[in-house]
Amino acid sequence: AVCSMGNSTSRLYSVLAKTLSSGAVSQHQDCLEQLDPAQLDPIDPKDLLEECQIVLQKRPPRFQRNFVNLKKNTTSNHRPIRVMQWNILAQALGEGKDNFVQCPMEALKWEERKCLILEEILAYKPDILCLQEVDHYFDTFEPLLSRLGYQCTFFPKPWSPCLDVEHNNGPDGCAMFFLKERFELVNSANIRLTAMKLKTNQVAIAQTLKCHETGRLFCIAVTHLKARTGWERFRSAQGCDLLQNLKNITQGAKIPLIVCGDFNAEPTEEVYREFSNSSLNLNSAYKLLSPDGQSEPPYTTWKIRPSGECRHTLDYIWYSQHALNVNSALGLLTEEQIGPNRLPSFNYPSDHLSLVCDFSFNQDPDRLL
């Protein structure tokens, strides 16, 4: 079925309209996996952005967010690598389980919310995109982003809570996308995280990429750790397992590393300390926005549920501080922009804020190890 996209008659109407509207992914997955992206016509991102804006013309405009320049007196001889981290909110959970009591159901309609998500991605033009809670991979993100020049990878949770929701679109999971014109895939690993030697429902993707411009290798990983209070030790164990996997993949930090994720953990938690103190020499990029460079943002998610208001810092972009520099980071939304009803909303499609950083390679990484 093709869903109505409003009164749009633009030339890209068919591109968005042909992304499958709903229904179990299993009905479509076989044929979608057989599609060769090279045989699909490329899409001009400006045209797709215009199409999204036509669909969203009755909604308030996007919030203005500015990049903060963090570059010290270091020179780089290559274009920065822009990385975007975002828990986009699984559609089945937003409509069926998460109970955002101040968010009108109308604001959660997939046909418009997917355009808000795409608009955010298209506005910041990441070279690498790391997403969590993706339950419309095969019918929306893979068909569209592959035509924008991205190589796409998806790893669903083994027992996704989305499957408990009536009329779901399949399991949610982590997804990674990188621009093929900028990088070559050297190695890819789908990791099912363990805790106390038991396989868990949480996953990660780790890919080693080669930068065409510099010839340098680096590893990019995306994950989503266990949610909820009371699971702190479980998250800690998952974090240890992920770090051990990444140590093996990066040959003990010889290959620079960027880890994006919704860790479901405040900076006070043990899993945060494990990443901070790891032998991989990681730092959290968004700390650099604070005056002393030592404090995380006050929030990366802000929502109202029946149990009350939840304002937490849970999302991070970790990076090898000996091998990579953070040139800039996208500022967060202010409380005034978010508004009294918090997130998600007609303005913003998720209960988590997107994080975006520009990285460059350090010219002499070994000196700082």
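**Exercise 1. The largest pocket**

By class, how many nonpolar, polar and charged residues does the lining of the largest pocket have? Describe the pocket as well.

Solution. 
Step 1. The structure is a predicted model. In this model the volume of the largest pocket comes to about 920 Å³.
Step 2. The pocket is lined by 32 residues, and those closest to its centre are K226, A227, R228, N264 and R305.
Step 3. Sort the lining by class: 8 residues are nonpolar, 10 are polar and 14 are charged.
Step 4. Look for the elements that contribute. At least two lining residues come from each of β7 (198-211), α7 (232-249), β11 (301-305) and β12 (308-312).

**Exercise 2. Helix α5**

Solution. 
Step 1. A residue counts as buried when its relative accessible area is under 20%.
Step 2. Go on to the residue just after α5: K125 has a positive phi of about 50°.

**Exercise 3. The cavities**

Find how many cavities of 30 Å³ or more the structure has, and describe the lining of the largest cavity.

Solution. 
Step 1. Searching the whole structure gives 3 cavities of 30 Å³ or more.
Step 2. The largest cavity holds about 60 Å³ of space.
Step 3. Its lining consists of R62, F63, R65, L116, E119, E120, L333, N347, Y348 and P349.

**Exercise 4. The whole chain and its confidence**

Summarise the protein chain, then name stretches where pLDDT is under 50.

Solution. 
Step 1. The protein chain contains 9 helices and 15 strands. It has 369 residues, of which 58% count as buried.
Step 2. Take the contacts with a separation of 6 or more: 78% of them join residues 24 or more positions apart.
Step 3. The chain has a mean pLDDT of 90, with 88% of its residues at 70 or more.
Step 4. Over residues 1-11, pLDDT stays under 50, and the model gives this stretch 19 contacts beyond four places in sequence. Residues 20-34 also have pLDDT below 50, with 20 contacts in the model beyond near neighbours in sequence.

How values were computed. Residues numbered from 1 in each chain as written. Predicted model: local features only at pLDDT ≥ 70, side-chain atom pairs only at ≥ 80, totals over all residues. Heavy atoms only, no water. Helix = DSSP H or I, 4+ residues; strand = E, 2+ residues; numbered from the N terminus. 1 Å grid on protein atoms, 1.4 Å probe; cavity = no way out; pocket = protein on both sides within 12 Å on 5 of 7 lines; lining within 4 Å. Points joined across faces, edges and corners; volume = space filled by probe spheres on them. pLDDT = per-residue confidence, 0-100. Contact = heavy atoms within 4.5 Å. Nonpolar A, V, L, I, M, F, W, Y, C, P; charged D, E, K, R; others polar. Buried < 20%, exposed > 50% of the residue type's maximum accessible area, 1.4 Å probe, protein only.
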